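Please open the structure in your viewer and keep the selection tool at hand.

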Amino acid sequence: MGGNENTGRHAKIELGGTSMSSGDDLEEPSKMMTMKTPTPFALQFNSLTYSINMRKQMKLHSMLFRKDTRVVNTSSNKRVLLNNVSGEAKQGEIFAILGPSGSGKTTMIDALANRISKKSLEGSVTMNGETLNSQSLKMISAYVMQDDLLFPMLTVEETLMFSAEFRLPHSLSKSKKLARVQSVIEELGLLNAAKTIVGDEGHRGISGGERRRVSMGVDIIHDPILLFLDEPTSGLDSSSAFMVAKFLQRIARAGRIVIMSVHQPGSRVVALLDQLIFLSQGETIYYGTPTDLPFFLSDFGIPITENCETTEFMLDLYSELESLPGGTKDIVEFYKSWQKIQNHHSSSEDSNGLDLSLYCGRVNDIGWTSTGSIFVNSFWVEIIVLMKRSLTNSRRTPEIFLMQIAGVVVSGSLLASTFWHPGKTERGIQERLGFYFFMVTAIFFGCTDALAVFLQERYIFMRETAYNAYRRSSYVLYHSIIVVPLLIILSLIFSSLTFSAVSLDGGFSTFAFYFFTIFASFWAANSLVCLISGLVSQIVMGYTLVMTLLGLILLYCGFYMHRNSIPRYWIWFHYISVIKYPFQALILNEFDKPDLCVVDGGAEQTKSCLITGMDIVRKQDATDLSKWSCLWITLAFGVVYRVLFYLALLFGSKNKRK
């Protein structure tokens, strides 16, 4: 279906409403006339089988809140999620995977999209008879998740433009990228919503159907051949679902292979589908066209009743069959014999082989070049685009920034008024030490709000990095750079409010070090919380972990218990307690002065010093490091946490089943 239209797509590439020759400025007209017409793309999959270990993997899936999937028993410890599934998806067509919850739809999408480890997946997935490596598949495909993962305060046009900045090379002019964005907006019918923000629960934005189409637009901006969609019509009303399916048909007819899972499609949606595969507990019970489905059911001996929609009848049928003792075994076996007679599967031997050169070799308006890199843009370009997107999204929610400023102003004012000008007595010294400790503690606990920031972006990050929109290292460095100005502002406000209020001495040099110590504390605290956000996937779990860890850090920092009193088997925790170092730096900054007399004694004529600054330093066991060493160590902790954050993202966000 659509073969003539699709065949011409890669000889003359059409991007939505923009048509351009892939050989502009490279081929002479005579050569273009004789160029061989490429073979239409077809994705074949044969005997796909995927099983999991129930004792290990199913427990892990439950912890990560994956959907429970009903499966076929093969042994006491093994469950099969896919069992010998075969078929073919062709260019210009919509290939739909149907079945009830737990039938294996998402698992099959993941298998075709190379989101399952090759060690676990049996069978083969090929394009025109040739196996695609992971790098090539990521370049020519896109995966649209079931949830609409978008930044709420960006407009539709901005969302697609930033996607274009990531997925199209920097060498491509901004006007051409904008033309590509406009063509996608037209292709998806989003012209009326182009200037509207996406929105979320707290901000009114575009409709649910429009959000789903924007999610598709983000992933087709680089004109992929393969488009995978996990239940794109779920959660939408019948009209919106039909519109989404209609636009998917348009995308397919433009020369792409569209593979989607559908939970309960309406009759109008089914009419737009070209190929169907029905799954039940990971097994194929039907594969063919929607028009052949009534004949299949009739041959099986259960013809469709009058005035009953075909796919609904099929879904109801094998729901009833699953409840019977024999389950769906009879219809599975019947399908195998029926399929041999009907000869639905196309032979991959008829293919002339896979030639991606016309896709991968776009050098002008599309911008693909054979650079050998799996990323389209350079490291620094990715960082700049990430920063632009973050600032654009943030400036529309100034209340968040103002709340952070207000939090520091309130806490700084409370501390300043509570510890207002402590006297030069032993009690005053103790109050000042308590001020230092509580201030550093407040900074670390106050930075826990950073936990929610990454967790809100986590799945956007995973979707974008799964298909090489940008490097994980770029994300971590951008994340580190963009937070520094905010931390400087917060540190300056906090230090200005508290320095003179608690009678800290030493002039500008002491104040400057005081400010840098507060900044280092903010930096280390923010980095620690970012690390934890990279290790967990749930906000509640993250807060539980960060509070427990901060409690241990406080216990062993040296304020509650001197270093010599800590049991030897826990002394290592004292040295990795990040609060120890800014707390000690503040003590040394104030009291580590040879001629400092903190408490005077005796009569006026025989005036003596009862407590010197060095007495306090020794009493607080703060003699092992200088104040500058403490400052650099605090900053270094922040850097180490950022490196660990990167490693957590690198190894913990593969977005691939094992």
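**Stop 1: Leucine 273**

Select leucine 273 and, setting aside the neighbours within four places in sequence, find Ile94, Ala96, Met260 and Pro290 in contact with leucine 273; contact means heavy atoms within 4.5 Å. The model is a predicted one, in which local features need pLDDT of at least 70 and side-chain atom pairs count only at pLDDT 80 or more, while totals for chains, interfaces and linings use all residues. Residues are numbered from 1 along each chain as its sequence is written, and side-chain values use heavy atoms, with hydrogens and water left out.

Leucine 273 belongs to the loop between helix H10 (267-270) and strand E12 (275-280). Helices (H or I, at least four residues) and strands (E, at least two) are DSSP runs, numbered from the N terminus. Is leucine 273 buried or exposed? Leucine 273 counts as buried because its relative accessible area is 6%; buried means under 20%, exposed over 50%, and partly exposed in between (1.4 Å probe, protein chains only).

**Stop 2: Proline 169**

Now select proline 169, in the loop between helix H6 (156-167) and helix H7 (174-187). Proline 169 is buried, because its relative accessibility is 8%. Serine 378 lies 209 residues away along the chain, yet the C-alpha atoms of proline 169 and serine 378 are separated by 8.7 Å.

**Stop 3: Two packed helices**

Select helix H18 (residues 450-466) together with helix H21 (residues 539-555); they pack at an angle of about 145°, with axes 10 Å apart. Axes are lines fitted to C-alpha atoms, for helices over the stretch in contact, and angles run from 0 to 180 degrees between N-to-C directions. Which residues meet here? Leu451, Ala452 and Leu455 in H18 meet Ile539, Gly542 and Tyr543 in H21.

**Stop 4: Phenylalanine 651**

Move to helix H25 (residues 627-652), which holds phenylalanine 651. Phenylalanine 651 counts as exposed because its relative accessibility is 61%.

**Final view: the whole chain**

Of its 658 residues, 53% count as buried. Among contacts between residues at least 6 apart in sequence, 78% join residues at least 24 apart.
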